[in-house]
Amino acid sequence: MFRATVLTLFPEMFPGPLGLSLSGDALARGLWSCEAQNIRAHGLGRHRAVDDTPAGGGAGMVLRADVLAAALDATAAPDDMRPRLLMSPRGAPLTQQRVRALAAGPGAIIVCGRFEGVDERIIAARALEEVSIGDYVLSGGEMAALTLLDACVRLLPGVMGKQESGQDESFENGLLEYPHYTRPREFEGRAIPDVLLSGDHGKIADWRRAEAEKLTRARRPDLLRKS
Ligand code: ADE
């Protein structure tokens, strides 16, 4: 089973939206698990402090390395082989390739940052892999963790209805996905392309490939250069 453990100051955010729809059904069916651990349980003193002012001055607060270490060590036994991720806008951009690799593994331990950041020393001390979901800044890592988990869970065996629904989609073949149509045949003067109604599966496949390439060239030429 794919086991997700999330270290967060907002455990109520999990499973959140992942408790619904495809991932929620899979959760209920025991295809994956989602455990949220409150970092504050390892906070210091009467106020269970988890953060402190940045060394060198500046705005905001920094999550303490000792608190995060205690939270991580209480969660992950030394023989826990799950990757340890830190959601951070500084991280390596998340890709479908990384998602596929994570989904094929035992799960993940995911640390959600808040405030201005986390003490740099915890990243090295616990070999955290920093992961970003895009070039924009969220108020914390929780939404990023939910996004990453959603992307992983839908790939787990038995989660998606039709196994092939994962094969043709965007990024799986280095291209954006071709356009889809369904009834009615004409909508506000726009017809479904004739080829899709021709019944010629060879021609349909060629058309879809050409459309996918056209779309990728127009919107994401960087993907074409990569493949
Ligand atoms: N935390 C804040 N912004 C983030 C981002 N873009 N990706 C991952 N974690 C984040």
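By class, how many nonpolar, polar and charged residues does the shell around the ligand have? Eight are nonpolar, four are polar and none is charged. Here Ala, Val, Leu, Ile, Met, Phe, Trp, Tyr, Cys and Pro count as nonpolar, Asp, Glu, Lys and Arg as charged, and the others, Gly among them, as polar.

Before you click on: this is a predicted model, where local features need pLDDT of at least 70 and side-chain atom pairs count only at pLDDT 80 or more, while totals for chains, interfaces and linings use all residues. Residues are numbered from 1 along each chain as its sequence is written, and side-chain values use heavy atoms, with hydrogens and water left out.

**Stop one: the shell.** Select Met87, Ser88, Pro89, Val131, Ser132, Ile133, Gly134, Tyr136, Val137, Leu138, Gly140 and Ala144, the residues around the ligand (a heavy atom within 4 Å of it). Now colour by element (DSSP runs numbered from the N terminus: helices are H or I, at least four residues; strands are E, at least two). β5 (84-93) gives the largest share of this shell, three residues.

**Stop two: the ligand's nitrogens.** Zoom in on the backbone. A backbone N or O atom of Ser88 lies 3.0 Å from a ligand nitrogen, and Ile133 also puts a backbone N or O atom 3.0 Å from a nitrogen of the ligand. At Leu138, look for a polar backbone atom 3.0 Å from a ligand nitrogen.

**Stop three: the loop between β8 and α5.** Leu138 is found in this loop. Leu138 counts as partly exposed because its relative accessible area is 35% (buried is under 20%, exposed over 50%, partly exposed in between; 1.4 Å probe, protein chains only).

**Last stop: Glu169.** Jump to the loop between α5 (142-153) and β9 (186-187), where Glu169 has its place. Is Glu169 buried or exposed? Glu169 is buried, since its relative accessible area is 9%. Show side chains and pick out Arg154: a polar contact of 2.8 Å joins its side chain to that of Glu169 (a pair of N or O atoms within 3.5 Å; within protein, one must be able to donate a hydrogen and the other to accept it, and residues adjacent in sequence count only if both atoms are side-chain atoms).
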